[in-house]
Amino acid sequence: MDDRRRRFEALVLPHLDAAYRLARWLSRSPGDADDVVQEAILRAYRGFDALRGTDVKAWLLTIVRNCHWTALKQQQRRAHVPLPEEHDVPALIATTPEPESASIRRDEERTFDRLLSALPEEQREILVLREIEEMDYRAIAAIVNVPIGTVMSRLARARAALRARWLQEAQGEPHAVR
Amino acid sequence: MPCGESLRVQAYFDGELDALNAAEVERHAEACPECRALLEDLQQLRTALQTGVGPAGAPPALRARILRTLDSEVPAAGPDRNAERLRDWRSRPFWKGALSGIAGTAIAAGIAFLVLGPPLADPLVEDLVNAQVRSLMPNHLIEVVSTDKHTVKPWFAGRTDVSPVVADFAQQGYRLVGGRADYLEHQRAAVVVYEHGPHVINVFSWAATRGGLPKNTTRNGYHLAFWRTGNLVYCAVSDTGWDELKGLVRLLQDLGVGDGRPAME
C-alpha cells in the first residue's frame, strides 16, 4: 500500500461512519446512502492531495452532502417525479414488530428515528450534524453553506419542532405499561 | 413568545460561548424560569438523540466495497482535475461565502459573542488557541483555584511534566487565579491562569522540543506571545491588548531566570 493510501486511510476513513450516518439521514434509504458514501469517499481520495484544512471530518461531510444533492438531482431528472412529501416518508428503520420483551427504551429509540425522519431535510440535517456528529457552529455553517446566524436559528427551530412532535406523540399514544 | 435570550442560551448549551458570555447566561438563567426550562429541554432532547437513533455506522460490506474501489484507483499522475477542484477547499467560493457570511451576520445579528476564527496553520498555535477557547468554556478554566503561588506551584508536580514560574502580580494588575494541566506538543503542559481586568490570560509552559520559537501572533482575536526561559517554552494567550499581555510577559521573564526547569528527570 503506498504512502498516500495509508495517509488517506489514517486521516479520512476514521470518519466513514460519520459520513454514512449523514448520508443515511439525508437520503433516508440504505441503498442510496451506500452509493452516496462510496462516491464521496472516491472524490475525497482524488482530492486528498490538495486537502489543506485541518478539520477532515467537516471536509468529508461537505463532500457527502454535495454528493447527496448531486444524486438527488439526477434521480429527479431521471424519474420526473416530485420529491416525497416530508410527512409521509417511512421511518429510517423499518418498523417491524418488536418482541414482547422489547424495552420501553427501544420504543423510545424507534420513536426518535421516526420523528427525526419526518422533519424537513434542513432541520434533520442540522440536528444530525449538531447532536449526533457533534460539529460546532462554525463547521456546520461551512458544511451547510449558510451564515452562522442561520445555523443558530435553524437549529433552534429544528429542536423546537422535534420536541413538539415528541410531546404530541407522548400525549397521543401513551406507552403501554408492561 | 420566547425569551430574547433563547438563542444565547442555546449557544451556551452548545459550548459556543466565551467565559464572560457564559457567566452572563448562567446568571440570566437563574432568574429566568423559561430559560432554565429551555436548558432542561435541550438536554433531554440531546440525550434522546444521542442514545441510539439511526445507524451506528457504515455496514462492513460497504466498507469493504469502498476499500476495493480505492484499490482500483490509479494514483493520479500529475495534478488531476478533481484535485484541482478540491484544492484548498476552504478557499472555494461556497466556503468563502459561508465564512464571510459568518462575519457579516455575527455583527448584524449581534451574535458576536460566538467564539469564531479562520483556520490556523501552525498546529502548535492552533492547539494553543483551542486550549484557550476550551479554557473559557464553563468549568474548564481552572483546576486548582488559588491566588497563592505556594498552592499553585506544588499542584503542578505530578500533574504536568514541567514546573513553571508561578507568581502573583496583583499589584501590577495581573491577579493569579489558579492553574490547570493541558496537553501540548505531546506533553502535559502547565497552565497558570491570570486575570487582568475582565480578561483571562493563560500562560502555557512546556519543555522545549524544537529549536525555534513560533513568532508572536494573533489568531481568532487572541494574542499569543512566546518566550523561552531555560528549557521551558512559555506562551501567554489572551484577548487583552498587546501592551497588557507583554506587561505580564516582562514580569514573568524577570522572575523566570533560574526558576524554569523541567520538573522530572
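**Ground rules**

I am working on a predicted model, where local features need pLDDT of at least 70, side-chain atom pairs count only at pLDDT 80 or more, and totals for chains, interfaces and linings use all residues. Residues are numbered from 1 along each chain as its sequence is written, while chains are lettered from A and ligands numbered from 1 in the order in which they are written.

**Both chains, overall**

I counted 8 helices and 0 strands in chain A, and 9 helices and 9 strands in chain B. Here helices (H or I, at least four residues) and strands (E, at least two) are DSSP runs, numbered from the N terminus. I call a residue buried if 20 or more other C-beta atoms lie within 10 Å of its own, exposed if 12 or fewer, and partly exposed in between, with C-beta atoms placed from the backbone.

Then I checked contacts, meaning pairs whose C-beta atoms, placed from the backbone, lie within 7 Å. In chain A, 66% of the contacts with a separation of 6 or more come from residues 24 or more positions apart. In chain B, among contacts between residues at least 6 apart in sequence, 59% join residues at least 24 apart.

**Helix 3 of chain A**

Back to that A/B pair. The crossing of helix 3 of chain A and helix 4 (residues 60-71) of chain B is right-handed; a crossing is left-handed if the near helix is turned anticlockwise from the far one by less than a right angle, and right-handed if clockwise. From helix 3 of chain A the contact uses Asp34(A), Val37(A), Gln38(A), Ile41(A), Leu42(A) and Tyr45(A), and from helix 4 of chain B Leu62(B), Arg65(B), Ile66(B), Thr69(B) and Leu70(B). I sorted them by class and got 7 nonpolar, 2 polar and 2 charged residues. For the classes, Ala, Val, Leu, Ile, Met, Phe, Trp, Tyr, Cys and Pro count as nonpolar, Asp, Glu, Lys and Arg as charged, and the others, Gly among them, as polar.

I also checked the length of helix 3 (residues 30-47) of chain A: its 18 residues should span 26 Å at 1.5 Å a residue, and the end C-alpha atoms are 26 Å apart. The expected span is 1.5 Å times one less than the number of residues. Its buried residues include Ala33(A), Val36(A), Ala40(A) and Ala44(A).

Trp25(A) sits in helix 2 (residues 16-27) of chain A. I find Trp25(A) buried, because 26 other C-beta atoms lie within 10 Å. Its C-alpha is 9.6 Å from that of Asp113(A), 88 residues away along the chain.

Arg28(A) is in the loop between helix 2 and helix 3 of chain A. Its phi is positive, about 60°, although Arg28(A) is not a glycine. Arg28(A) is buried too, with 20 other C-beta atoms within 10 Å.

**Helix 6 of chain A**

How many of the 12 residues of helix 6 of chain A are buried? I got 9, so I wrote it down as mostly covered. Among them are Ile126(A), Leu127(A), Val128(A) and Leu129(A), plus charged ones such as Arg124(A) and Glu125(A).

The axes of helix 6 (residues 121-132) of chain A and helix 3 (residues 33-50) of chain B come within 10 Å and cross at roughly 90°. That makes the two helices roughly perpendicular, the word for 65 to 115 degrees (under 35 is roughly parallel, over 145 roughly antiparallel, the rest oblique). Leu127(A), Glu131(A) and Ile132(A) meet Arg46(B), Leu49(B) and Gln50(B) there.

Just after helix 6 of chain A, Glu134(A) has a positive phi of about 55°. With 14 C-beta neighbours inside 10 Å, Glu134(A) counts as partly exposed.

Notes:
Two residues are in contact if their C-beta atoms, placed from the backbone, lie within 7 Å. Axes are lines fitted to C-alpha atoms, for helices over the stretch in contact, and angles run from 0 to 180 degrees between N-to-C directions.
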